[in-house]
Amino acid sequence: MTTNAPGPAAGSPLAPEWLQVPADLNALHAPMWAGDVARNDAGELAIDGIPVSELQRQFGTPLFVMSENDFRARARAFSDAFNDAFADICGGVDVYYAGKSFLCTAVVRWVEEEGLRLDTASGGELAVAARAGIPGADVALHGNNKSDGEIHRALDLQLGRIVVDSLVELERVARIAEARGETARVMLRLTPGVHAHTHEFIATAHEDQKFGLSMAGDSTEQAGLSAAEEAVAAASAYPSIELLGLHCHIGSQIFEPDGFALAAEKLLDFLAAMQAKYSIVLPELDLGGGYGIAYTPVDTPRPPAEIAQAMAAVVRTKCAELGITAPRISIEPGRAIVGSSTFTLYEVGTLKTVRVDAPGDGNVTYPRRYVSVDGGMSDNARPVLYDADYSAILASRTSDAAPQLSRVVGKHCESGDIVVRDVYLPEDVAAGDLLAVPGTGAYCWALSSNYNYLARPGVVAVRDGSARLIVRGETEEDLLNRDMGV
């Protein structure tokens with residue numbers, strides 16, 4: 001006989017081990033939120049004093065809500081911390097904001113005003129950079145399969161660097177630049193064989209994936225040479241290529257420091273070997289980004305100063321050991337700047353509670369509540385792509401109701417349309433309430449879609465008590481405009 005259990009006060013056995021019942025369901029876990037987000041005297045979530053109900057009234061839901069001040073503060077924190085840490089090693093660091101995490105013309109301008117540079121990954125992102133007016137010298141172009149058109153655009157804009165991903169691409173960049181009578185400034189992206197502690201789909205420095213030039217031996221047609229070494233030799237021989245240095249990126253949403261240290265050591269070893277073998281001095285080394293942020297209360301991101309000091313210690317020690325002059329270092333934070341600056345605001349619709357067998361005991365069931373919101377996988381694809389975990393709070397009011405294990409889901413025709421897989425919310429959450437999901441600044445709007453013909457949400461930036469659209473939400477007319485009706 002199956003019996004029903006309400007779920008003990010300590011938490012439901014259906015919840016993952018890391019998820020604890022919050023002592024206060026109304027409290028905010030600070031690392032997940034922008035610095036100017038708090039509850040107001042009425043108990044409503046507010047950003048820089050603007051309550052979420054007012055944001056919904058003006059702009060509707062779903063809605064991405066970004067703190068401009070928080071974004072700028074995080075950008076400055078990386079710039080200041082890395083420049084301080086590397087001042088005695090290489091005179092400072094060039095910080096490139098990884099635009100793939102979230103990009104629009106306003107963000108490009110913030111990046112430039114805070115003294116950062118910009119990393120792009122496509123012709124479209126270059127178009128945004130050009131419209132915003134950032135100098136081409138402060139822009140980099142990535143991509144494992146750049147088109148001829150994208151290479152031409154990079155040269156048109158006189159980009160500071162094109163990060164080359166393969167021997168074939170190196171030849172194409174050299175050929176196009178030569179035909180134009182120009183010189184392309186190039187970095188070589190290497191795969192150092194480092195296995196980062198992150199999801200398989202966002203780990204990018206192991207051998208068996210699409211990015212970069214392998215550092216393993218005998219990986220090209222030239223016996224005994226790795227693809228990386230062959231690329232250095234070839235790039236140095238092309239008259240239309242200015243070889244700036246080396247680049248690597250080991251993955252994303254990484255908390256453990258060992259992967260970054262190992263990658264830096266391997267690339268410095270390689271740089272020294274190229275200098276000894278070919279008398280080629282490579283003046284720059286980009287160590288990528290991928291620094292993790294807090295999506296849930298158990299995530300423990302490291303502050304920029306701690307990351308910077310740890311990386312500087314590795315570079316300082318390794319360069320002294322190798323007897324080489326330290327190259328100019330650059331890094332590429334994206335998520336770590338924009339992720340926690342933003343939350344997504346949703347309105348609750350339908351709710352239902354189901355009974356689920358307790359793990360290991362099919363004779364006892366426990367409740368799990370499904371809370372449907374007016375967005376979903378079209379504005380946040382990360383849970384379905386990467387099994388990404390998020391959290392959520394009741395934003396439109398406070399509540400003294402008991403916690404209930406809940407699953408926040410979207411409105412799409414997919415059972416995998418999950419926004420927050422497991423979270424404790426007050427049991428009195430009802431239709432019309434507003435929920436806020438923090439940490440959605442990176443790779444949410446950027447990965448958004450029109451699945452089920454939902455219009456993509458707008459992005460609102462808040463600063464000094466004022467909210468303005470920086471990306472307009474789509475309308476049904478926008479969706480229909482591309483339908484040619486033929």
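## A helix pair and a strand pair

Helix H2 passes helix H9 in a right-handed crossing, meaning that the near helix is turned clockwise from the far one by less than a right angle. This is a predicted model, where local features need pLDDT of at least 70, side-chain atom pairs count only at pLDDT 80 or more, and totals for chains, interfaces and linings use all residues. Residues are numbered from 1 along each chain as its sequence is written, and side-chain values use heavy atoms, with hydrogens and water left out.

Back to the two helices: their axes come within 9 Å and cross at roughly 25 degrees. That makes H2 roughly parallel to H9 (angles under 35 degrees count as such). Among the H2 residues that meet H9 are Phe78, Phe82 and Phe86, while the H9 side includes Ile307, Met311 and Val315; contact here means heavy atoms within 4.5 Å. By class, this contact has 14 nonpolar, one polar and two charged residues.

Here are the elements and where they sit (helices have at least four residues, strands at least two, taken from DSSP runs numbered from the N terminus):

| Element | Residues |
|---|---|
| Helix H2 | residues 68-90 |
| Helix H9 | residues 304-322 |
| Helix H3 | residues 105-113 |
| Strand E18 | residues 403-409 |
| Strand E19 | residues 418-426 |

Just after H3, Gly115 takes a positive phi of about 85 degrees.

Strand E18 is mostly covered, with six of its seven residues buried. E18 runs antiparallel to E19, and six bridges join them. One of the bridge pairs puts Leu405 with Tyr424 in E19.

Definitions and conventions
Axes are lines fitted to C-alpha atoms, for helices over the stretch in contact, and angles run from 0 to 180 degrees between N-to-C directions. Angles under 35 degrees count as roughly parallel, over 145 as roughly antiparallel, 65 to 115 as roughly perpendicular and the rest as oblique. Ala, Val, Leu, Ile, Met, Phe, Trp, Tyr, Cys and Pro count as nonpolar, Asp, Glu, Lys and Arg as charged, and the others, Gly among them, as polar. Buried means under 20% relative accessible area, exposed over 50%, partly exposed in between (1.4 Å probe, protein chains only). Two strands pair if DSSP finds at least two bridges between them.
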